Amino acid sequence: MTEPILLTGPPGAGKSTVAALVAQAFPVAALVPGDDFFAFWSQGFVEPWLPESRHQNETILTAAGAAVGAYSRGGCQVVYEGVLGPWLLPAFLAGAGPVGGHYVVLLPPLDVCLARVSGRIGHGFADPAATRHMHAEFARADVDPRHLVDGGETDAEGVAAVVLARVRDGSVRLGEPGSTS
């Protein structure tokens, strides 16, 4: 069994780019894009940043966690990338089962996230108001600083190197299930 690497942050934080680079560091890996699980909800979908989406988001992230757990228990190094704030981490970990994990929050400055979101081509998400909202949610969340990576002034390769170093030294490993301490 391997311990998944959970790479999160607001829209425009660089999750997808960094996660792909992190996954390349392992001989056997699954790159799991969290946005795909939200796309499975086909009717009655509520935008995930709205307060009334809480139950929907918990359900979706429990399903994503189940997939991550299955890959991890199968010996595949999982790199999950998606918006997985600490407020929804318990639902994700409940779905994943007893696999542990490494939790990394990419949190560059808001202006960096907004610039990245506004410059996206061929990406389904480009909402600046939702980006501001989600950045504020992560910024005020109770996340132990050891789990935070700024990434605003560093290129994706440099951020991936920081993430891998922290995974390897155990500094971003989750403590008790559901804990970001």
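The dialogue below goes from the overall fold to one residue and then to pairs of helices.

Tutor: Please keep in mind that this is a predicted model, in which local features need pLDDT of at least 70 and side-chain atom pairs count only at pLDDT 80 or more, while totals for chains, interfaces and linings use all residues. Residues are numbered from 1 along each chain as its sequence is written, and side-chain values use heavy atoms, with hydrogens and water left out.

Student: How many helices and strands does the protein have?

Tutor: Helices (H or I, at least four residues) and strands (E, at least two) are DSSP runs, numbered from the N terminus. Here there are 7 helices and 5 strands, and from the N terminus on they follow the order β-α-β-α-α-β-α-β-α-α-β-α.

Student: What radius of gyration does the protein have, and what would a compact globule have?

Tutor: The radius is taken over C-alpha atoms, and the globule rule is 2.2 Å times the number of residues to the power 0.38. For 181 residues a compact globule would have a radius near 16 Å, and the 15 Å of this protein agrees with that.

Student: Is I5 buried or exposed?

Tutor: A residue is buried under 20% relative accessible area, exposed over 50% and partly exposed in between (1.4 Å probe, protein chains only). I5, which is found in strand β1 (residues 5–8), has a relative accessible area of 1% and is therefore buried. Contact means heavy atoms within 4.5 Å, and, leaving aside neighbours within four places in sequence, I5 is in contact with residues including V22, F26, V163 and V167.

Student: How should I describe two packed helices?

Tutor: Two packed helices are described by the angle between their axes and the distance between the axes. Axes are lines fitted to C-alpha atoms, for helices over the stretch in contact, and angles run from 0 to 180 degrees between N-to-C directions. The axes of helix α1 (residues 15–23) and helix α7 (residues 156–169) come within 9 Å and cross at roughly 60 degrees. That makes α1 oblique to α7, since angles under 35 degrees count as roughly parallel, over 145 as roughly antiparallel, 65 to 115 as roughly perpendicular and the rest as oblique.

Student: Which residues of α1 and α7 make the contact?

Tutor: From α1 come T17, V18, L21 and V22, and from α7 come A156, E157, V159, A160, V163 and L164.
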